[in-house]
Amino acid sequence: MKTVLITGASRGIGAACAKAFAENGYSPIINYNKSRSKAQELSEKIYKKFGIKPTLYGCDISDSAAVKKMFRDLGDIDVLVNNAGISQQKLFTDITDEDWKKMTSVNLDGVFYCSREAAMIMVRKKSGSIINISSMWGETGASCEVHYSASKAAVIGLTKALSKELGPSNIRVNCIAPGVIDTDMMKDFDEETRKTLRDEAPLQRLGTARDIADAAVFLASGKAGFITGQILGVNGGFVI
Ligand code: NAP
C-alpha cells in the first residue's frame with residue numbers, strides 16, 4: 001500500500017486529502033501542528049470508514065530540525081502533499097517583520113524542508129510524487145495579502161524548478177492553486193464578502209475541501225503520469 005504524507009491534515013483541505021487518499025487505497029500520514037484532537041478524530045473516522053489506520057505525526061513544519069526528525073521517524077513515503085499553510089489579511093504597510101517571517105516560514109520554508117527530505121527518499125527509490133498547495137493569489141496577487149501572495153507565488157516557482165530537477169529521477173512535482181475554498185481559513189470573511197467571492201467565480205460557488213482533495217488524488221495517480229511542473233487551478237473559473 002502506498003503511503004502519503006499530508007502536512008496540515010488536522011483540518012480543512014488537508015483533512016479532506018487524508019480521507020480522499022484513504023478512499024483510494026493509500027495509507028495516509030496525518031501531520032498536524034496544534035490540533036491534535038482533531039487529527040485523532042479524523043484518524044478514527046478514516047479507520048471506521050475505510051479500514052485503514054492512518055499514522056498521526058505532530059510537527060511544526062516551519063521547524064527544520066523537527067521536519068528532519070519526522071522524516072527519519074516515518075522512514076518511507078510515496079507521495080507528499082505540502083498543504084499546511086496560514087493566511088492573514090493586513091494592509092501592506094501594517095505587515096510587521098514578525099508577520100512576514102511567520103508567513104514565509106510556514107508557507108514557504110515548510111514546503112522546502114518537507115520537499116527536501118521527501119526528495120532524498122524518492123530519489124533513492126526513483127519514484128514519487130510531490131504536490132504543493134499554493135493559491136490562485138500566488139498567481140494573481142491579492143490586495144491586503146501581500147505576504148501570503150508572495151509566499152504562494154514562491155511555491156509556484158519552487159514547483160517548476162524542482163520538477164525539472166527531479167523529473168529524471170521519475171519524481172513528479174505539481175502544484176494546485178485553489179480558489180476560494182470553504183474552510184476555517186475563510187471564517188473571518190462576512191456573508192457579504194463570501195457572496196461577492198461566490199458571484200465572481202463562473203461556477204457561482206465556493207470550492208469545497210473535497211474539490212482540492214480530488215485534484216490531489218488525481219495528480220498523485222498514474223493517470224497523471226505524464227504531468228509534472230504544472231499549476232492546476234481548482235477555482236471554479238475565478239482565474240482563467
Ligand atoms: P485551514 O483550514 O486553516 O487548515 C490549515 C492546516 O494547516 C491545519 O491543519 C493546521 O494544523 C495546518 N498548519 C498550520 N501551520 C502549521 C505548521 N506550522 N505546521 C504544521 N501544520 C500547520 O486551511 P485550509 O483552507 O485547509 O488551507 C490548506 C492549504 O490550502 C493552505 O496552504 C492554504 O494556504 C491553501 N489555500 C486555501 C484556500 C482557502 O480558500 N481555504 C485557498 C487557496 C489556498 P493545526 O490546526 O494542527 O495547527
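In this short talk I will go through the pockets of this structure and then one patch on its surface.

Please keep in mind throughout that what we have on the screen is a predicted model.

Let me begin with the largest pocket, which has a volume of about 1,300 Å³. Of the 46 residues that line this pocket, those closest to its centre are Arg11, Gly85, Ile86, Ser87 and Met185. Several elements contribute to the lining, with at least two residues each from helix 1 (12-23), strand 2 (27-32), helix 4, helix 6 (146-166) and helix 7 (191-200), and the largest share, four residues, is supplied by helix 7. If we sort the lining of the largest pocket by class, we find 17 nonpolar, 19 polar and ten charged residues.

Turning now to the second largest pocket, its volume is about 200 Å³. The residues lining the second largest pocket are Ser10, Arg11, Gly12, Ala15, Ala16, Lys19, Lys38, Glu41, Leu42, Lys45 and Asp184, and the elements that give two or more of them are helix 1 and helix 2 (36-50). By class, this second lining divides into three nonpolar, two polar and six charged residues.

Finally, the surface: Phe92, Trp100 and Val146 together make a nonpolar patch of about 290 Å². Where in the chain does Phe92 lie? Phe92 sits in the loop between strand 4 (79-82) and helix 4 (97-125), and with a relative accessible area of 53%, Phe92 counts as exposed.

How values were computed
Residues are numbered from 1 along each chain as its sequence is written. This is a predicted model: local features need pLDDT of at least 70, side-chain atom pairs count only at pLDDT 80 or more; totals for chains, interfaces and linings use all residues. Side-chain values use heavy atoms; hydrogens and water are left out. Patches are made of residues with over 30% relative accessible area and no salt bridge: like charges are joined within 9 Å, nonpolar side chains (Val, Leu, Ile, Met, Phe, Trp, Tyr) within 5 Å. Accessible areas come from the Shrake-Rupley method with a 1.4 Å probe; for residues, only the protein chains shown count as cover. A salt bridge is a side-chain nitrogen of Lys or Arg within 4 Å of a carboxyl oxygen of Asp or Glu. Buried means under 20% relative accessible area, exposed over 50%, partly exposed in between (1.4 Å probe, protein chains only). On a 1 Å grid over the protein atoms alone, a cavity is a set of points where a 1.4 Å probe fits but cannot get out, and a pocket is an open set with protein on both sides within 12 Å along at least five of seven lines; lining residues have an atom within 4 Å of a point. Grid points are joined across faces, edges and corners, and a volume is the space filled by probe spheres set on the points. Ala, Val, Leu, Ile, Met, Phe, Trp, Tyr, Cys and Pro count as nonpolar, Asp, Glu, Lys and Arg as charged, and the others, Gly among them, as polar.
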